[in-house]
Amino acid sequence: MKIVKALSFLAITFLISCTGNKSNNKLSGIIKIDGSSTVYPITEAIAEEFRALEPDVKVTVGVSGTGGGFKKFGRGEIDIANVSRPIRSSEKSMCEENNIQYLQLAIAMDGIAVVINPQNDWITDITVDELRKIWEPAAEGKINKWSDIRAGWPDKKINLYGPDPASGTYDFFTEVIVGETGKSRGDYTNSSDDNVLVQGISTDKFGLAFFGLAYYEENMDKLKVIGVNGGNGVVIPTYESVSSNNYMPLSRQVFIYVTQDAAKRQEVKKFVEFYLDNAGKISKDVGYVSLPAVKYQAEKEKFIEFSK
């Protein structure tokens with residue numbers, strides 16, 4: 001009986017030892033990510049958590065805008081693109097030319113905030129028509145003062161700030177506000193770094209800007225958000241109004257794109273699965289709106305099939 005127990009103990013110890021050794025086989029490699037400044041906070045937070053679990057995997061996250069990210073993605077320079085809009089036909093063509101197969105994965109929802117300086121005491125809301133009047137190409141050289149937009153607003157120059165034309169946020173904003181993607185007045189301060197826009201508005205009483213809601217929430221002490229009237233009353237962008245689709249038309253899904261070659265590498269496969277397992281919690285933690293749990297599960301199943 002003692003011999004049986006001893007053998008059983010040795011067998012269990014051997015199994016534990018084998019299992020332990022297997023779990024200690026750490027992943028290694030480099031995962032290159034670039035693209036949207038809007039999606040960057042989510043991906044960087046995910047990457048930080050993943051690095052803690054897999055310290056031998058180097059995850060780099062750049063910010064070149066959605067357009068810049070898609071260019072690098074289409075040339076095969078990165079494994080994953082952070083994007084705040086779906087891929088365009090010209091970007092699809094680049095991928096086809098370079099034999100790059102890819103998968104789009106939704107990771108969160110975001111609202112575009114229209115913000116002003118806290119010293120601005122004459123505006124609390126704005127209509128979609130007024131935003132169009134400010135930002136359409138025909139406004140350049142004509143709509144220069146606050147009083148040009150609404151009677152009663154000051155006869156002072158309006159200073160505009162927004163994402164650069166390579167940004168997915170710019171594309172989305174121009175599409176839903178101006179009516180044509182990538183078309184707007186050109187005489188505004190633009191940057192691919194939303195923090196630059198935050199800095200500009202925070203020191204400019206007569207400024208107005210648009211960028212991702214998360215950047216407003218991160219800088220609420222420096223900025224003031226205004227409500228947008230899309231035709232059904234004024235709505236302030238919040239987690240609740242974005243998730244319920246009440247903040248229209250300035251709400252949208254954001255994505256990551258993964259190449260199939262990258263998805264077959266174990267370090268990328270584990271990273272993307274980790275991303276989809278944790279995107280709901282982390283996106284909310286960094287100021288974005290999480291998708292329903294069933295959506296993340298569906299995206300994960302889609303990715304697992306894609307990576308086989």
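1. Asn245 counts as partly exposed, at 45% relative accessibility; that label covers values between buried (under 20% relative accessible area) and exposed (over 50%), with a 1.4 Å probe and protein chains only. You will find Asn245 in the loop between helix 9 and strand 11. Its phi is near 65°, a positive value in a residue other than glycine.

2. A word on the source: this is a predicted model, where local features need pLDDT of at least 70, side-chain atom pairs count only at pLDDT 80 or more, and totals for chains, interfaces and linings use all residues. Residues are numbered from 1 along each chain as its sequence is written, and side-chain values use heavy atoms, leaving out hydrogens and water.

3. The loop between helix 9 (239-243) and strand 11 (251-259) also holds Pro249. Helices (H or I, at least four residues) and strands (E, at least two) are DSSP runs, numbered from the N terminus. Do look at the peptide bond between Met248 and Pro249: it is cis, with omega about 10°.

4. Asn99 has a positive phi too, near 55°. This residue sits in the loop between helix 4 (89-97) and strand 4 (102-116), and Asn99 is exposed, with a relative accessible area of 60%.

5. Finally, please visit Thr66 in helix 3 (residues 65-74). Thr66 is buried, at a relative accessible area of 0%. Beyond residues up to four places away in sequence, Thr66 touches several others, including Gly35, Asn82, Ser84 and Ala166; contact means heavy atoms within 4.5 Å. The Thr66 side chain also reaches the backbone nitrogen of Ser84 at 3.1 Å.

Definitions and conventions
Polar contact = N/O pair within 3.5 Å; in protein donor to acceptor, adjacent residues only side chain to side chain.
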